[in-house]
Amino acid sequence: MKTDIQRGLVLRNEKCHEHYTTEFLYNLYSSEGKGIFDCRINVLGHLQQGGAPTPFDRNYGTKLGVKAVLWMSEKLQEVYRKGRVFANSGNSACVIGLRKKVVAFSPVTELKKVTDFEHRLPQEQWWLNLRLMLKMLANYQISLTEYISGKMEHVTRRTLSIEKGF
């Protein structure tokens, strides 16, 4: 760290060792840095929610990463003037993802309007209208006249009742 290297990165798997936690490594590097370098912790939460990625996930992630870097390079060229970057428009902060079979960049300001932050879901679930068909395919005894479509209900109780069908 005393040479020309300005940055370092430590990656840790959560199952690497029971004693070498993220906090332990942070404390170790912070105390040993003694003013030569500082440390920060960044836990990638969205990656931890998934499970074991498939080859498709890795391939798709690589493709999205390439598209994101190309998009950022393009945006930086658009907003770079006289040695400064002016990224103050609504589409300067975007999220990449699928929108109706097409990889698209969605401005965060638009996503904020249609997101249920408490449950980390979109407010409109496109698949809710397919529940009747899914129940029919699963051989539920259901009548088309009795089925009522509705909005998604979030389970907030800790115990579920068999009597009520949950």
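These are my notebook entries on a predicted model of a protein chain.

Entry 1, ground rules. I number residues from 1 along each chain as its sequence is written, and side-chain values use heavy atoms, with hydrogens and water left out. In this predicted model, local features need pLDDT of at least 70 and side-chain atom pairs count only at pLDDT 80 or more, while totals for chains, interfaces and linings use all residues.

I looked up the secondary structure and found five helices and six strands (DSSP runs, H or I of at least four residues for helices, E of at least two for strands, numbered from the N terminus). The order from the N terminus is α-α-α-β-β-β-β-α-β-β-α.

The chain exposes about 15500 Å², with 56% supplied by carbon and sulfur atoms (Shrake-Rupley method, 1.4 Å probe).

I checked the length of helix 3, residues 55-79: its 25 residues should span 36 Å, and the end C-alpha atoms are 36 Å apart, which agrees (expected span: 1.5 Å times one less than the number of residues). Its buried residues are Leu 64, Trp 71, Lys 75 and Val 79. The buried residues of helix 3 pack against strand 1 (80-81), strand 2 (84-85), strand 3 (94-99) and strand 4 (102-107) (contact: heavy atoms within 4.5 Å).

I located Trp 127 in the loop between strand 6 (121-122) and helix 5 (131-137). Its relative accessible area is 32%, so Trp 127 is partly exposed (between the buried limit of 20% and the exposed limit of 50%).

Note on methods:
Buried < 20%, exposed > 50% of the residue type's maximum accessible area, 1.4 Å probe, protein only.
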